Structures are given as C-alpha cells and as structure tokens.
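Have the viewer open as you read.

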Amino acid sequence: MNAPVPLPNVADRPVDARGSADSHAMRYRPFIDGLRAVAVLSVVAFHFSKTALPGGYLGVDIFFVLSGYLITGIIWREARQNAFTYARFYERRIRRIAPALLAMLGASSAVAAIILLPQDLVGYAKSVGATIAFVANVYFWRDSDYFSTAAEEKPLLHMWSLGVEEQFYILFPIVLILLARRAPRQALPIVAALCALSYASAFALDQIGGATPAFYLLPTRAWELGAGSIVAMLPAGRQTPSRGVAQPIAMLAAAGLLLSLLVHPPLILGPLPDATIAVAATALLIWTGNQPGLVHKALSASAVSTIGLMSYSLYLWHWPVIVLSQYWLVRHLNGAEVAIACAAMFALAWGSWRFIETPCRSAALTRVTLYRRLGILTLVMAAAIVAAIAGNGWPQRLPAQATRINAMSGTHFRCPIAETIWLGGVRGCAMNLPGGKPENAEVALIGNSHALMYTPLLGELLRERGAEGVLLQANRCLPSATINVTPGCADEANRYIDAVIRLKRIRTVFIALDWDNQAQTQFFDAEGDKLALPRNAALVAAVDDTIERLRRAGKNPVLIGPIAVPGREIGSIVGRQLAFGRPVTEALSRPRALFDRQVGGIIAHYAARKDIVFVRPDSVQCDRSDCAFFKAGQPLFGDANHLAVSQLPLFRPVFEAALDRARPARQ
C-alpha cells in the first residue's frame, strides 16, 4: 500500500474569516454559506410562527444536503489520495461541533435548573445526556412528536438533527473508505442506490403510520445527506454543467426551494416525503455553483454569507432562547418580545462563532488542550445530569401544588418498543398479548392516537378476563377507508381494517378517534376527491361505514365516544402559572353546553343505535354544567389532548360495561 499523502489539517491552518469550518478543506464557495443562511433563517422563522413560513422546518433538510456534500467532498478526496485518517476527520468534527455545543448546553442548563418544573427538568436532563451521546434523535422519537404542542416546551428538541448528522459522520466514512479501496468505480452508483433505499424507507414508513420515526431516524434521513454526497462524488467531467444549462436549472431550483418553504409541503407533494423538493433543489444549487449566476450571486452577498458563517451557532442558540423565554412567560412571545429574542439569539450566535467556534478551529489551541477542556466540561455536564435525575428535578424549589400538577405532563401512553407489533404493513401495540402474536387476539382496538391512549386500560381489563387483544393504528387519521383527512390516511385505515377482519379469533373491535379536533375540517373520499360535508357529518359517515364493514365481517363494533379536550398543554400551563406566581387564566373545563353544541349530535346519533355498543367517556368527564379538564386538583390530560395514564382508571366503569356487553371473554 502506498504511503499516505500528507494533507493539511483544518486545525493546522489559519482560520479564514470568509469560510465556514467545513469549507477550509475544500475551495471556499460563498454561496454555500448563503444556503446555510437560508436554512437557519427558515428554521428560526418557523419556530417563531408555524403559519408564517409553513415549510420553514425544511431548513434542517437544507443543512443535511450541505453537510453531506462538504463531508463527502473531504473524505472522498482524501480517500482517493490514500490520505484519509479517522483521527484527523474526527478531530475536525470535534473542533467544529463540540465547543459551541457544550457552551450552549452549559448556559441553557443553568437557566433550565432555575425555571423548569421538576418533571420538565428531569426530561431536559435526559435530553442533555442524549445530546452529548449524539442520540437526541432517538430520544425525541420516543418522547414527542416534533410538531406537537408539547414539543414547544423542550429546549433541546432541535438537537435531534445533530444526532442524525453525527450518526452519519460515524457510519458514512467507513462506507466511503471501503468503496474507495474496494470498488472506486462503483462507488457513486452504490451511494445513489443507498440513497434510493433510504428515500423508499422514509416513504414506506410514513405510509404505515411511522411518520414520527421517519422524521427522526438516520435510516430514513440518510437520503438527504446522501443527495449532497452524490454531488460531491460526481466525476470531474460532470461536476460543472455548461453555463447555458446551469442558469435555468439554478433559477428553477431556487423557485422550487422557495415554494417548498412558503407552502405546507404535503399540499405540494402529497404522500411523498416533505423534503423531496427542498433536497433536490439544494443539490442542484450546489451542482450549478461552479457556473455562478444571479441566484448564486445573491446567496454570496456579504450580509447573507455572514449569517451563514455563524449559522451553526445560531441554530444552537435560537431554540433554547425561544423555548425558555416562552416557558417562563407561560405564553407565546408578542411582537416586541420576538424582536428582543431575535437580538439575543443573534448576539449569542455571533459571540459563540467569534469567541468559541473560530478559536477552537485554530492550531493555536492544541489538540491536547482542546480535548482536556472538553472532557472536563463533559464530566461536569454528566454530573449535573445525574444530580437532576436522581433528585427528581429538585421539587423543593417550587410550590408543592405546581409540582404535583407538573408531574402529569407527558404521562399519556406511548407503546413501548417491546410491545410494538407489525402485522403486514400495519403498526400496532399489544394489549395483553403475551406471545406477541396478533392471530391470538380476540379483541382489537383501532383508530389513531386517541385509540392508543386507551390501550393500558383495555389491556388491564382484558388481562382480568383472560382475553388477548391488539391495537392497530394510524396516527392523525380517521378509522375509515372511505372518508378520511388525506387520501393516504384512507389507504392506511383500509389496511388495518382488513387486518382486523382477517384475524379470525377477533370478535370485538373497539373504534376510537379524536372527535373533538375542531381544526379537522377537510375530508377526502377513497378516490382522493375533496368532500364538501360538514365536519360532524363527515365523521359520522366515515365511522358508520367502518361499523357496517366490521358487522358484515362478523365482528362486534364497540365505538368510543367523544371527550372534551383542552387543545393546550393544560397541566404544564397551570403548573407554571402557579410556580411563577401568575394568575391561573387557563380554563379548567369546557362548558357542557358548548361541548353539546360541538359533538352532541354525534353522541345522540350513536346513543340511539342498538346494533353497536357505545362507550360514553363523557359521562365520567362531564356533569350537567361542565366537562372537566381537572379532577381532584389534577389534570386529566398528559398533553394537549390525550388522557394521562394515571387518570384512565376513572373511565374503567364505562369500559367494563362495554366489555361485558360485547362478551369478549374466551369461548
């Protein structure tokens, strides 16, 4: 084997103020920093307002493409020159990522220890540990939906993307080195094939109700980083398109990127992954960058590329500033506060870039000194994590009532990985299913997350009766193959209804959905055509069709009726208002008259039917005047609309009666 060709280390050369860290091992292209600026500003805008820039969260996907391009360019060049070393590669990554990250974690943790309520502080401490271990994406996959209201109270939620990138940095160099040594000519098609497999996995997982893991996990995100890798690995003759081709492509790519940021992506792409256009557009803009035109000149403007230079630090700081300030205020920021928050995050980002990122990339800070300092900071952070978790978030800091209420936050049911089951293309959860075999189930529960929340209660009742059961679900979808909130949801529902019908031992099928989702107003038929039905009429028609389909198959339908949901993280809000000495302004119930106006017709329709068993959880939640969000001083809900597991026993009598009427016990 030839001796390695010595290549300059990024840390061995002076820091060029024009370029971001990754660009020093390659020719500096200022439009790359311009794209970074577009990415980070899009994310910041989205996090301030999800309606102002509906596709702003795709800024992370732009970052992924850029990271894949820059990292692959460095590795591939060094690998082909037999000069790549893991030590040098990971030193560059550590210098680039760790110092600014630990500074943000340290400052955020100091504030969090003061203001976060105990349950939230314990969750925060766990997320710090996951961030340091570069598995934040896995942690948040199991903890919360990125787009849920609960996510707005997690200061380190944005670290999921760093987990994806770092896992990519660990695995992909191994793949590239093997390809460079064993199959250099086949490397590009192999990487392209891996990207296609990742893209197909993202699409398939979303279609079977796995939108959350598809969002967070590397295997379903790798195609985005891989898109940048493909551009970096193009043969020399294909790296630069002709000027006549480059400019129209760049204009088209810029238009596509702008469209994907301005319009809610599913409205454009339907069932395809949300990032499809943004990723393709970013890759094309990189590819055409060797023939700069109007688009690339705009991205290379000094003001734009300067923001790109500090984009990493701005990304690190923006979300903790927003979350922690809103957490303490117990409300969203107003106009003046948004301006102050923006000034604060930009000041922190500039300081981090100027005084932490830049010096740590310089050879003036030796490797030994850098690693020693980072090691000490990491150990201090680890000790703080252990202390916060062991101390249960130090509840003695805050009023006891606020602590008790806060303890309910995030306690709605999530199916443990060990109890997750797959039935063909359908995802589900065991309900007293000891062997884990769906074919043994005698009772099924179908629906969306509002079916999932009842799983522990039904599972306990089945265990007492010696019966086995299974949940089959599609999140955010109605349990109907004929009328649904998207055409893709209709396909998902059809699969799990078919699966239930094929399970011969099942005689009783519980059906649950979020009847009270007032924002759910658009519906589609099985052919994908929009329906003009009023909301309640569409829900009734959808559920009636499913009931008839189950009855024709010899199943006994049991329909779980509506409950009133707060629509906000009521436990967290009230707990913080009490903890911070603010007046409790949050409504602790909904007037019964309002609930009846909203869903009373649905309840009356199914209460009158004698051919099904109808479960009335509202009879537990509501009295003649109000539908309570709190019982005995504790919130009923673990988040904005799902019952807390510890409150499910309140509903036991109505579910017991339903099971007795449906006779699900072994024959």
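Let us begin with Glu78, which is buried at a relative accessible area of 1%. Buried here means under 20% relative accessible area, exposed means over 50%, and partly exposed lies in between, using a 1.4 Å probe and protein chains only. This is a predicted model, in which local features need pLDDT of at least 70 and side-chain atom pairs count only at pLDDT 80 or more, while totals for chains, interfaces and linings use all residues. Residues are numbered from 1 along each chain as its sequence is written, and side-chain values use heavy atoms, with hydrogens and water left out.

What does Glu78 form a salt bridge with? The partner is Arg88, and the closest N and O atoms are 3.9 Å apart. A salt bridge is counted when a side-chain nitrogen of Lys or Arg is within 4 Å of a carboxyl oxygen of Asp or Glu. Because Glu78 sits in helix H2 (residues 59-80) and Arg88 in helix H3, the pair ties together parts that are 10 residues apart in sequence. Helices (H or I, at least four residues) and strands (E, at least two) are DSSP runs, numbered from the N terminus. Arg88 counts as buried as well, at 14% relative accessibility.

The C-alpha atoms of Gly73 and Ala232 are separated by 5.1 Å, although the two residues are 159 apart along the chain.

Helix H3 covers residues 86-115 and includes Tyr86. At 34% relative accessibility, Tyr86 is partly exposed. Together with Ile174 and Leu178, Tyr86 forms a nonpolar surface patch with about 260 Å² of accessible area. Such patches take residues with over 30% relative accessible area and no salt bridge, joining nonpolar side chains (Val, Leu, Ile, Met, Phe, Trp, Tyr) within 5 Å and like charges within 9 Å. The areas come from the Shrake-Rupley method with a 1.4 Å probe, and for residues only the protein chains shown count as cover.

How many salt bridges does the structure hold? The count is 27. One of them joins Asp498 to Arg549, with the closest N and O atoms 2.5 Å apart. Asp498 lies in helix H21 (residues 487-502) and Arg549 in helix H22, so this pair ties together parts 51 residues apart in sequence. Asp498 is partly exposed at 28%, whereas Arg549 is buried at 17% relative accessibility.

Another salt bridge pairs Arg609 with Glu548, where the closest N and O atoms are 3.0 Å apart. It links distant parts of the chain, 61 residues apart: Arg609 in the loop between H24 and S11, and Glu548 in helix H22. Arg609 is buried, with a relative accessible area of 15%, while Glu548 is partly exposed at 31%. Both belong to a network of salt bridges that also links Asp544, Arg551 and Asp611.

## The kinked helix H24

Where is the kink in H24 centred? It is centred on Val599 and amounts to about 65°, the bend being the angle between axes fitted to the seven residues ending at a residue and the seven starting there.
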